[in-house]
Amino acid sequence: MFSAFKNILSPQQKMCWLYREGSSRDYTSLGIKGSNLCEVYRMGLPTPAGFIIGSEASMTNIDVGLDSPLPEALEKSIRSHISELEAMTSKSFGSTDPDKFPLLLAVRASTSIPLPKLEAGVVGAGIGVALKRQSVLPDSWLLPGVSSTALNVGINDAIAKAIATRAGPRFAFDTHARFLLYFGVIVHGQDPEKYFDVLTEIVQKGGKDKLLVSDLQTVIARFKAIQSAPDDPFEQLAMILKATYKKWNASEASSLRADVLGVPTSQGVAVIVSSMVYGNLNHKSGTGHMQSRSSFDGAKELQVASLT
């Protein structure tokens, strides 16, 4: 199954890039988001530690099975770069040590083709704070074949328990529930409405707009009943990566990009893997975005938007 993949990915080829290694000139390999992230890093702005898997890794038309292993050279490069992240963040991927916050990952696609302004993924202060059905965008709002962003990759029951010891059970279980939603939708194509129906039911049953810790534990159990996720953190990451490639290489998406946008079928998609930054950790954290150009006319002015 992976013979074509292995021919493309030779051990000598550069597969993963640290931010310091890339620039805007590398946008074909790193995508627009990835190459701009490298430029932000070069400017000295605070940037979550991460690396980018080059688009060459996805340039294949074969069907990538979720149960099949990653090509050996690609897996070796990814594991090596995760070790780099662990050194940069002083965190460990898969750690259950209650005295040390584990390394969790955000995984997002990066393409050299301009995307619509709306971003894929779940936004907001957290599952336990607010219901946002509209925050998981339909595929029709995205470039054909681009997967949504996955957050909190690397968490499981044992790791959530360790996080609860250090950061509190509410944050830990909220983080775990959000991951299960992402994993089910991105990897297995589950309908996001299934998850939001669970949340709506629990909120309405309790007559409250903020879920309790016990409610979040119920949410996790119900989400697992919809779709389970492997406990092994690297297996989680590998399955999300393979699902991203499978969606990108689907014949319908590839044909649509070529026919409507004129994108060559040989154009791959890069994947950004970065350490998590939390908008719901405590009262000092938040989420939003800042840009240095006007959304209306491109003028050089600072625009900031935040979610409360």
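Colleague: Why are α5 and α8 called oblique to each other?

Modeller: This is a predicted model, and every term rests on its coordinates. The axes of α5 and helix α8 (residues 233–249) cross at roughly 40°. An angle under 35 degrees would count as roughly parallel, and 65 to 115 as roughly perpendicular; α5 and α8 are therefore oblique. Their axes come within 9 Å, and the crossing is left-handed.

Colleague: Which residues in α5 and α8 meet?

Modeller: Phe179, Phe183, Ile186, Val187 and His188 contribute from α5. Their partners in α8 are Gln236, Met239, Ile240 and Ala243.

Colleague: What makes Val187 count as buried?

Modeller: Its relative accessibility is 8%, and buried means under 20%, so Val187 counts as buried. Val187 lies in helix α5.

Colleague: Why are α6 and α7 called roughly antiparallel to each other?

Modeller: Helix α6 (residues 192–206) and helix α7 (residues 213–226) pack at an angle of about 150°. The term roughly antiparallel applies over 145 degrees, and α6 and α7 therefore qualify for it. Their axes are 10 Å apart, and the crossing of α6 and α7 is right-handed.

Colleague: Which residues in α6 and α7 meet?

Modeller: On the α6 side they are Lys194, Tyr195, Val198, Leu199, Glu201 and Ile202. On the α7 side they are Asp215, Thr218, Val219, Arg222, Phe223 and Ile226.

Colleague: Turning to the aromatic residues, how many aromatic pairs does a search of the whole structure find?

Modeller: The search finds six aromatic pairs. One of them is formed by Phe101 and Phe171, and this pair is tilted.

Colleague: What makes the pair of Phe101 and Phe171 tilted?

Modeller: The ring centres are 6.3 Å apart, and rings pair if their centres lie within 6.5 Å. The planes stand at 45° to each other. Planes under 30 degrees apart would count as stacked and those over 60 as edge-to-face, so the remaining term, tilted, applies.

Colleague: Which parts of the chain does the pair link?

Modeller: Phe101 is in the loop between α3 (72–89) and β3 (105–110), while Phe171 is in helix α5 (residues 169–188). The two residues are 70 residues apart, and the pair links distant parts of the chain. Ring pairs also join Phe101 and Phe171 with Tyr278 in a cluster.

Colleague: Why does Phe171 count as buried?

Modeller: At 4% relative accessibility, Phe171 falls under the 20% limit and therefore counts as buried. Phe101 is buried as well. Phe171 and Leu281 are 110 residues apart in sequence, but 6.3 Å apart in space from C-alpha to C-alpha.

Colleague: How do you know that the charged end of Lys14 sits over the ring of Trp17?

Modeller: The charged end of Lys14 is 5.3 Å from the ring centre of Trp17, against a distance limit of 6 Å; the position must also be within 35 degrees of the ring normal. Arg257 likewise lies over the face of Trp248, at 3.5 Å from the ring centre.

Colleague: Finally, what percentage of the 308 residues of the protein count as buried?

Modeller: The share is 48%. The protein has nine helices and seven strands. Of the contacts between residues at least 6 apart in sequence, 73% join residues at least 24 apart.

How values were computed
Residues numbered from 1 in each chain as written. Predicted model: local features only at pLDDT ≥ 70, side-chain atom pairs only at ≥ 80, totals over all residues. Heavy atoms only, no water. Helix = DSSP H or I, 4+ residues; strand = E, 2+ residues; numbered from the N terminus. Buried < 20%, exposed > 50% of the residue type's maximum accessible area, 1.4 Å probe, protein only. Axes fitted to C-alpha atoms, helices over the stretch in contact; angles between N-to-C directions. Left-handed = near helix turned anticlockwise from the far one by under 90°. Contact = heavy atoms within 4.5 Å.
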